[in-house]
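Dear colleague,

Please find below the structure that I promised to hand over. My notes on it follow directly after.

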Amino acid sequence: MKKDAHPDYHEITVVMTDGSTFQTRSTWGKAGDTLKLDIDPKTHPAWTGVHRLVDSGGQLAKFNKRFKDFGLKG
């Protein structure tokens, strides 16, 4: 096996949307980093059956502003 062919595999802390945390091993980030989830199985519509709009980075606000006057007038 070649040296340095594989990424570093280390422990990180994952923070769920409800604030609960757990430790896991990952190649993400550095050892001891914290990964905060925006969407997880507790909030994702595929698991909850409840649909809600998630505005990441203001994309939803940008869309609404761009198309606010777009509509059918009858």
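**Notes on the model**

Phe67 is partly exposed, with a relative accessible area of 34%, where buried means under 20% relative accessible area, exposed over 50% and partly exposed in between (1.4 Å probe, protein chains only). This is a predicted model, in which local features need pLDDT of at least 70 and side-chain atom pairs count only at pLDDT 80 or more, while totals for chains, interfaces and linings use all residues. Residues are numbered from 1 along each chain as its sequence is written, and side-chain values use heavy atoms, with hydrogens and water left out.

Phe67 lies in the segment that follows helix 2 (59–66), helices being DSSP runs of H or I with at least four residues and strands runs of E with at least two, numbered from the N terminus. The structure holds one aromatic pair, which is formed by Phe63 and Phe67 and is tilted, at 4.8 Å centre to centre and 45° between the planes; ring centres of Phe, Tyr and Trp (its six-membered ring) must lie within 6.5 Å, and planes under 30 degrees apart count as stacked, over 60 as edge-to-face and the rest as tilted. Phe63 is likewise partly exposed, with a relative accessible area of 48%.

Turning to strand 1 (residues 10–15), His10 is found there and is buried, with a relative accessible area of 5%. The His10 side chain touches, among others not counting residues up to four places away in sequence, at the level of the whole residue, Thr24, Trp28 and Ala31, contact meaning heavy atoms within 4.5 Å. The side chain of His10 also makes a polar contact with that of Asp8 at 3.0 Å, a polar contact being a pair of N or O atoms within 3.5 Å, of which, within protein, one must be able to donate a hydrogen and the other to accept it, and residues adjacent in sequence count only if both atoms are side-chain atoms.
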